[in-house]
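Thank you all for coming.

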Amino acid sequence: MIAVPGPKAVGNKAGGKWLERDGFVAEAAVQFDRINANIARLERELEKSRATVAEMAEEANRNRRFQTFEVSLENSRDYKITDLQRTCKDVKGRLDVIEGDRNTFAGLTYKSFSQIDRRLAELGGLLTQVERAEIAARRNEALFFGALAVAAIALASRFVF
């Protein structure tokens, strides 16, 4: 800025005061420009910081979701293992009931399911033979009673006629 002398400016005395004031204003303007530059720089840094904080928050949320997913997988795995253990205990209990007392195992004739299956198949075949024999016996019984009835009729007809 150029200093313009006022109405009372006469000589060096008025000009000196104006020069001091103009110097002060110029120095203040420079300081304001520096402050404005610092504020602009700080605003840019603030925006960068906000972006960094937003990225960090997003990364923290991702990590939290991933950790929650890991915990749910671990809980699921633990549940499956517990369920499998419970099922195995149930199957073992059922098998113990089927097998009976383990002290009598040494005295058993059949010590495996395949041997028991073979023996049951033999008994099933034997049962079929018994059923066939019962059917044949009933047939023979019917034939015998039929023959007996024919003989009784023949004997009765001989005495009656």
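Predicted model: local features only at pLDDT ≥ 70, side-chain atom pairs only at ≥ 80, totals over all residues.

How many salt bridges does the structure hold? There are nine of them, and I will take up several in turn.

Let me start with R77 and D78, whose side chains meet in a salt bridge with a distance of 3.5 Å from N to O. As for how open these two residues are, R77 is partly exposed, having a relative accessible area of 47%, and D78 is also counted as partly exposed, at 33% relative accessibility.

Next, please find helix α1, which covers residues 11-99. In this helix D90 and R94 are four residues apart, which means that about one helical turn separates them, and their side chains meet in a salt bridge at 3.5 Å, again taken from N to O. Is R94 buried or exposed? With a relative accessibility of 57%, R94 counts as exposed, whereas D90, at 40%, counts as partly exposed.

Now let us move on to helix α2, which is made up of residues 113-160. Here E122 forms a salt bridge with R119, and the closest N and O atoms of the pair are 3.0 Å apart. The two residues are three positions apart in the helix, so about one helical turn lies between them. Both are partly exposed, E122 at 46% relative accessibility and R119 at 33%. Elsewhere, salt bridges with shared partners link E58, E59 and R62 into one network.

Technical notes. Residues numbered from 1 in each chain as written. Heavy atoms only, no water. Salt bridge = Lys/Arg side-chain N within 4 Å of Asp/Glu carboxyl O. Buried < 20%, exposed > 50% of the residue type's maximum accessible area, 1.4 Å probe, protein only.
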